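Okay, everyone, thanks for coming. Let me put today's structure up on the screen, and then we'll walk through the fold and what's inside.

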Amino acid sequence: MGKKRISNKMEKMLNTQMTREAYQAQVYLSYASWAEVNSFAGIANFLYGHMHEEREHMFKILKYINDRGGEAKIEAIDAAPKNPKNIGDCLQKILQHEIDNSKEIDKIVNLAHEEKDWATFNFGQWFVEEQIEEETLINGIIDKYNLASTEIEGNNNLYEMDRDLSNASQEGDLPREEEF
Ligand code: FEO
């Protein structure tokens, strides 16, 4: 890979983040399995899918370290956390994992800025963007869960309505009486 083009400090930080992304995958994997065992097939499917995303994040960092002349170190991954209490707890915990992860990504971008390592700064931007998307995605699911789980008679209809509205046309079907 030729001459090393990242600092030792950055190499270490990226390696730690790589293992952290592997841990994120473990979190999603364990929660997905928990959801499946508890008959929430749709949520399990979503979480299994996201587990793959986290593995891709891990691999993306591995490739970057090696491509910049460093060396990715494959290390032990912490055990997954214990099972959540319920779906609401599961979603809140996932959101917290993502928020914590965003803070770690920020540290990488900060160091890259400090070191004027613009290649890593640019690389880090992809993750900054990804974290914004993930936090928004999970927050959106929490909103849906809150709508669906609020114990008001007929409130499940609200959830159905919300789901239908996301694909609804913006154009009305009623004929207009007059044209302006
Ligand atoms: Fe790779 Fe969801 O953080």
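Going along the sequence, the protein chain reads α-α-α-α-α. That's 5 helices and 0 strands, where helices (H or I, at least four residues) and strands (E, at least two) are DSSP runs numbered from the N terminus.

Before I go on: this is a predicted model, where local features need pLDDT of at least 70, side-chain atom pairs count only at pLDDT 80 or more, and totals for chains, interfaces and linings use all residues. Residues are numbered from 1 along each chain as its sequence is written, and side-chain values use heavy atoms, with hydrogens and water left out.

How much of the chain is buried? Of its 180 residues, 34% count as buried, meaning under 20% relative accessible area with a 1.4 Å probe, protein chains only. As for contacts (heavy atoms within 4.5 Å), take those with a separation of 6 or more: 78% come from residues 24 or more positions apart.

Now, the inside. Searching the whole structure turns up 1 cavity of 30 Å³ or more. A cavity here is a set of points on a 1 Å grid over the protein atoms alone where a 1.4 Å probe fits but cannot get out, and lining residues have an atom within 4 Å of a point. Points are joined across faces, edges and corners, and the volume is the space filled by probe spheres set on them.

So who lines the largest cavity? Leu14, Ile105, Ile108, Phe123, Gly124 and Phe127. Helix 3 (87–114) and helix 4 (118–149) each give two or more residues to that lining, and helix 4 has the largest share, with 3.

Notes: 1 Å grid on protein atoms, 1.4 Å probe; cavity = no way out; pocket = protein on both sides within 12 Å on 5 of 7 lines; lining within 4 Å. Buried < 20%, exposed > 50% of the residue type's maximum accessible area, 1.4 Å probe, protein only.
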